[in-house]
Amino acid sequence: MRISWWRSKASGTGYIGDLEGRLVELREAMFQASYARNDPARQREFLERIFEGTQSRDSSFVSVVEARGPGDGQVDVAPESVPSLAGARRKRRNLVVAGAAAVILLVVGVCYGVLRQPGPGSARAGVSQAVKLRVGLLNVVDTAPFYQALDQGYFREEHIDVEIEKFRGGPDAIRELAEKKIDIAFTSYPGALTAQDAGVADLKILAAAYTARNSHLMLMGLGDGPLTHPSDVRGKRIAVTATGSISDIGMALALRDANVAPGSITWVSLPMDDMLAALRRGDVDGAVMAEPYVTRAEQAGAVPVLDVTLGRRALLPLSGWFVTSGQVESQAKVLRAFQSALARGARDVQKPDIRDFVLTRYLEVDPAYVDGVRIATYPETVDPSEIQKVADLMSANGFLTAPLDVRKMVIRWPNSG
């Protein structure tokens, strides 16, 4: 995404008024730009919305210049006169800077001891016969590496027979994991950290699943409904997957950033599969959806209201795969084999053509608009320092009863260093 901040040429000074108000406008501009990528008409509409309420179009303002694909997260801050969108597109920055940044991040990750998953075949010799693993899933794009590993037979090569259990929300999967009804639970980190804090189970992070980028988790409303702008949220009925999930915790943090008290919202627990129908019936005013549900809803006429993955929530780890400490002791070989197969799947889905195949075949994404699904990052490693940011953010905002040390939840196999 590219954003420019123009200063008033008449005054020769930057904006010196309500800084917090301008930051709110900037967040909204970033969100609208990312969501309206490849649609200049909608971008122009959002520009005009940002201009509303300003005393003069010559005064300082924040404007969306261009929305680009998910691989470009650059933000340019440059004073200049107001150009056309087409003119701004001619000023693209060389992506070498982004490549260099990626290299730096990789080096920093190694220096901080990022826990790498076992490579292909590392555990295969340890599992001599087929073992069944019951895996709890949600129908979200976070799980694409799992389905790729399933489709390509990576689990079968590791002598793992996978049995899938579908859940409406991550907290439900964690509860079933604690009750030993499933062996591995996929869930958002907030759901797992809340359960760990409450003593539901002694959880361990088996593998990372997904890291946030903008527009992955969105508050959606109907275009002709009562909720079309963040300022409309007060007093409304908002659907989330479950209490304690990324949906309601992330949404609550986003609302606080927008100066809206989360307590003014009536939260309605619904599976994402049911949210669009509930919006149409008027059972709820808005719904917090993840991809691919965001794109499906947009295709059906829903509109974005608030990006839950901006600001303090941008680039945060969203979800992972969890087991209990008892399983780490009793099922070490098969869990390491699962890690190996899943890591191969994560490497595969870095390629857009493979990822799109998985989304259409296993996650029910219409091939006609699979290119429009907003994809974030599939980590191949577990980075405790990054997940700790989620725990710290939750603790600081009262979602945990006490600070939580994520390092204690990371599995360290005997020969992993």
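At what angle do α5 and helix α13 pack, and how far apart are their axes?

1. Please bear in mind throughout that this is a predicted model. In it, α5 and helix α13 (residues 332-348) pack at an angle of about 105°, and their axes are 7 Å apart; an angle of 65 to 115 degrees counts as roughly perpendicular, and the two helices are therefore described as roughly perpendicular to each other. On the α5 side the contact is made by Pro145, Phe146, Gln148 and Ala149, while α13 contributes Phe338, Ala341, Leu342, Gly345, Ala346 and Asp348.

2. Because Tyr147 belongs to helix α5 (residues 144-151) and Tyr362 to helix α14 (residues 352-362), the pair ties together parts that are 215 residues apart in sequence; Tyr362, like Tyr147, is buried.

3. Ring pairs of this kind link up into a cluster, whose members are Phe146, Tyr147, Phe155, Phe186, Trp321, Phe338 and Tyr362. Two arginines are placed over aromatic faces: Arg344 lies over the face of Tyr154, at 3.9 Å from the ring centre, and Arg296 lies over that of Tyr293, at 4.8 Å from the ring centre.

4. Turning to the strands, there is an open sheet of five with mixed pairing, in the order β5-β4-β6-β13-β7. The edges are formed by β5 (160-166) and β7 (203-211), each of which pairs on one side only, and the twist from one strand to the next averages 25°.

5. Within this sheet, strand β4 (residues 131-137) and strand β6 (residues 184-188) are paired in the parallel sense over two bridges, with Val135 opposite Ile184 of β6. The pairing of β6 with β13, by contrast, is antiparallel and extends over four bridges, and there Ala185 stands opposite Phe322 in β13. An antiparallel pairing over seven bridges also joins β7 to β13, where Ala207 has Trp321 of β13 as its bridge partner.

6. How enclosed is β13 by the rest of the structure? Eight of its eight residues are buried, so β13 is largely enclosed. Helix α7 (residues 170-178) lies across β6, β7 and β13 (317-324), and runs at about 150° to β6.

7. The peptide bond from Glu291 to Pro292 is cis, with omega near 10°, and Pro292 is located in the loop between β11 (286-290) and α11 (293-299). His159, a residue other than glycine, has a positive phi near 65°; His159 lies in the loop between α6 (154-157) and β5 and, with 29% relative accessibility, counts as partly exposed. Glu364 is not a glycine either, yet has a positive phi of about 60°; Glu364 sits in the loop between α14 and β14 (381-382) and, at 55% relative accessibility, counts as exposed.

Methods:
Residues numbered from 1 in each chain as written. Predicted model: local features only at pLDDT ≥ 70, side-chain atom pairs only at ≥ 80, totals over all residues. Heavy atoms only, no water. Pairing = 2+ DSSP bridges. Axes fitted to C-alpha atoms, helices over the stretch in contact; angles between N-to-C directions. Contact = heavy atoms within 4.5 Å. Buried < 20%, exposed > 50% of the residue type's maximum accessible area, 1.4 Å probe, protein only. Phe/Tyr/Trp six-rings, centres within 6.5 Å; stacked < 30°, edge-to-face > 60°. Lys NZ or Arg CZ within 6 Å of the ring centre and 35° of its normal. Parallel < 35°, antiparallel > 145°, perpendicular 65-115°, else oblique.
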